[in-house]
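Welcome to my notebook. I went looking for a few things here and jotted them down as I went.

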Amino acid sequence: MEQSNEIRDPVSLVEDNGVVLDSVYEGDHDQFQPFVGSGMVRLVDGEADHERVKKAFLVPLDHYGNDTTIVAIHRNSVSGTAMRARYNMFRYFEKTLSQKNAGSVNLKNSWYGASKEEISEILSYGFNRCSGPIGGDVSNGLGLYLSSSPALLNCVTSLTPDEHGLRHVLMCSVLMGKMEAIPAGSNQIHASSMEFDSGVDHLEAPTRYIVWVANMNSHVLPCYIISFKGPDFYAWATNQLVNVQRLSSPKLSLNSLMAVVLKHFNPAKKALMRKRLDDYRKGKITRSQVLRSLWQIVGSDARLVEAIKSIRVKKMMMGPSTCGGWSNLRY
């Protein structure tokens, strides 16, 4: 099995060295009963596994992690008939994929945000519906959408706090096998051929893992639930998108924007930004969708807005005859 640096086998964690509580903390029985009743056990604050999962969650949130408080982390104990059966099925398909793909199962860490009620249903009965793009973003096929760690901020943006002011995210192990890129706007519902096992929005730097409906309860194993309090991610996201759209008038060349923005980011984000612009040039997505995608790729980094502002300032300083050359910039 290809082991992840962030998620270990939940069975071995419980059986070997996982420090867990036999019941929830005093005073929060009702608060987390849906999770505990579904076979999850709460990790002790400060215990090694708790700190490892905490870091895996907070780091991708960038500076918003500083304003985010993790209230509880629950781990799948793989107890109970239903959960044990799902775990065994996950192991079975792990072996199947390994045989099919010359030893590679391509195990990934992934995130799925949902209400407390939906997560409880997933734990009890499994995933029972397709997810999809958030906020009107472009589709990449029909299936279960899981977020990669670099795209965790997108995952938490749409979450609504429960009656206790908490939001909840599932951290899952997913067997991706051989992945194929699903074009923007696609209505694909299964692999394009027997060669492939799952889909992603981009092969170079995926933000979405797409698990086809037939595989969503055999290839995805919920491992942890992170319950947290944090800033209003949705309000921030809306403000950032409005800022980007307001600042990005039709007169602003996307090439100009990319030429400035690409200087600031790592190779993975650069590759993904280039792919989005290529999709736009090929008529697969609109200009507005390019800008929305740029915001999602950049995440909480305010440098995108600053880059747009800098271009507008230079345009005003240089004048229309000079800045016309910006449209010829390439990455």
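**Entry one: rings**

I began with Trp111, which at 1% relative accessibility counts as buried (buried means under 20% relative accessible area, exposed over 50% and partly exposed in between, with a 1.4 Å probe and protein chains only). Before going on, I noted that this is a predicted model, where local features need pLDDT of at least 70, side-chain atom pairs count only at pLDDT 80 or more, and totals for chains, interfaces and linings use all residues. I also noted that residues are numbered from 1 along each chain as its sequence is written, and that side-chain values use heavy atoms, with hydrogens and water left out.

Next I looked up Phe57, and this residue is buried too, with a relative accessible area of 0%. I then checked its ring against Phe228: the two form a tilted aromatic pair, 5.0 Å centre to centre with 50 degrees between the planes. (Rings of Phe, Tyr and Trp, the last by its six-membered ring, pair if their centres lie within 6.5 Å; planes under 30 degrees apart count as stacked, over 60 as edge-to-face and the rest as tilted.) Phe57 sits in helix α3 and Phe228 in strand β9 (residues 220–229), so this pair ties together parts that are 171 residues apart in sequence. (Helices, H or I of at least four residues, and strands, E of at least two, are DSSP runs numbered from the N terminus.)

How many aromatic pairs does the structure hold? I found 5. One of them joins Phe57 and Trp111, and it is tilted because the ring centres are 5.8 Å apart and the planes stand at 55 degrees. Here helix α3 (residues 48–58) brings Phe57 and strand β3 (residues 107–114) brings Trp111, so parts 54 residues apart in sequence are tied together.

How many disulfides does a search of the whole structure find? I got 0 (a disulfide is a pair of cysteine sulfur atoms within 2.5 Å). Cys172 is in none, and the nearest cysteine sulfur, that of Cys223, is 6.8 Å away. I wrote down that this distance is too far for a bond. Are these two buried or exposed? Cys172 is buried at 0% relative accessibility, and Cys223 is buried at 1%.

Last, I listed the buried residues of helix α5 (residues 116–125): Lys116, Glu118, Ile119, Ser120, Ile122 and Leu123. After α5 comes Gly126, and its phi is positive, near 95 degrees.
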